Amino acid sequence: MKLILAVLVLALVLVVGTQAQWHRYPGQAIGGAKDMYRAYQDMRKANWRGADKYFHARGNYDAARRGPGGKWAARVISDGREALQGLSRRGNSDAAADQAANRWGRNGGNPNRYRPKGLPRKY
């Protein structure tokens with residue numbers, strides 16, 4: 001009986017502790033969306049051949065570091081972008097590679113894995 005009670009109390013503490021962070025989720029999501037937009041702007045500004053995977057990974061990485069809300073925003077934006085490109089038939093032929101870079105960054109992988117040689121350090 002004591003073991004069952006201890007397990008129930010532990011489960012309750014874990015649930016309450018996890019749910020206590022709910023108020024941070026919207027701010028994390030907004031910050032994550034800003035990170036994704038900043039990576040997009042940097043990609044456009046850099047205009048560097050072969051750097052798109054790096055910027056995909058970097059945007060997702062920065063967003064996911066904000067927490068669950070940022071990770072959610074990164075997934076929604078990345079998946080939405082790829083879906084829209086597929087629908088508009090303007091999608092690039094390497095959408096699977098883009099998604100791999102997105103997942104790599106979103107799961108905490110170092111974006112520099114995709115960094116092309118010669119890309120200015122400011123990016």
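Gln99 belongs to helix H5, which covers residues 95–106, helices here being DSSP runs of H or I with at least four residues, numbered from the N terminus. This is a predicted model, in which local features need pLDDT of at least 70 and side-chain atom pairs count only at pLDDT 80 or more. Residues are numbered from 1 along each chain, and side-chain values use heavy atoms, without hydrogens or water.

Gln99 counts as buried because its relative accessibility is 16%, the cut-off for buried being under 20% relative accessible area with a 1.4 Å probe and protein chains only. Beyond residues up to four places away in sequence, Gln99 touches Ser78, Asp79 and Glu82, where contact means heavy atoms within 4.5 Å.

The axes of H4 and H5, lines fitted to C-alpha atoms over the stretch in contact, with angles from 0 to 180 degrees between N-to-C directions, come within 11 Å and cross at roughly 175 degrees. H4 is therefore roughly antiparallel to H5, a term for angles over 145 degrees.

| Helix | Residues meeting the other helix |
|---|---|
| H4 | Lys71, Ala74, Arg75, Ser78, Asp79, Arg81, Glu82 |
| H5 | Ala95, Asp98, Gln99, Asn102, Arg106 |

By class, this contact of H4 with H5 has 2 nonpolar, 3 polar and 7 charged residues, with Asp, Glu, Lys and Arg counted as charged, Ala, Val, Leu, Ile, Met, Phe, Trp, Tyr, Cys and Pro as nonpolar, and the others, Gly among them, as polar.

In H4, the buried residues are Gly69, Gly70, Ala73, Ala74, Ser78, Glu82 and Gln85, and the buried residues of H4 pack against H2, H3 and H5.

Terms used:
Helix = DSSP H or I, 4+ residues; strand = E, 2+ residues; numbered from the N terminus. Buried < 20%, exposed > 50% of the residue type's maximum accessible area, 1.4 Å probe, protein only. Parallel < 35°, antiparallel > 145°, perpendicular 65-115°, else oblique.
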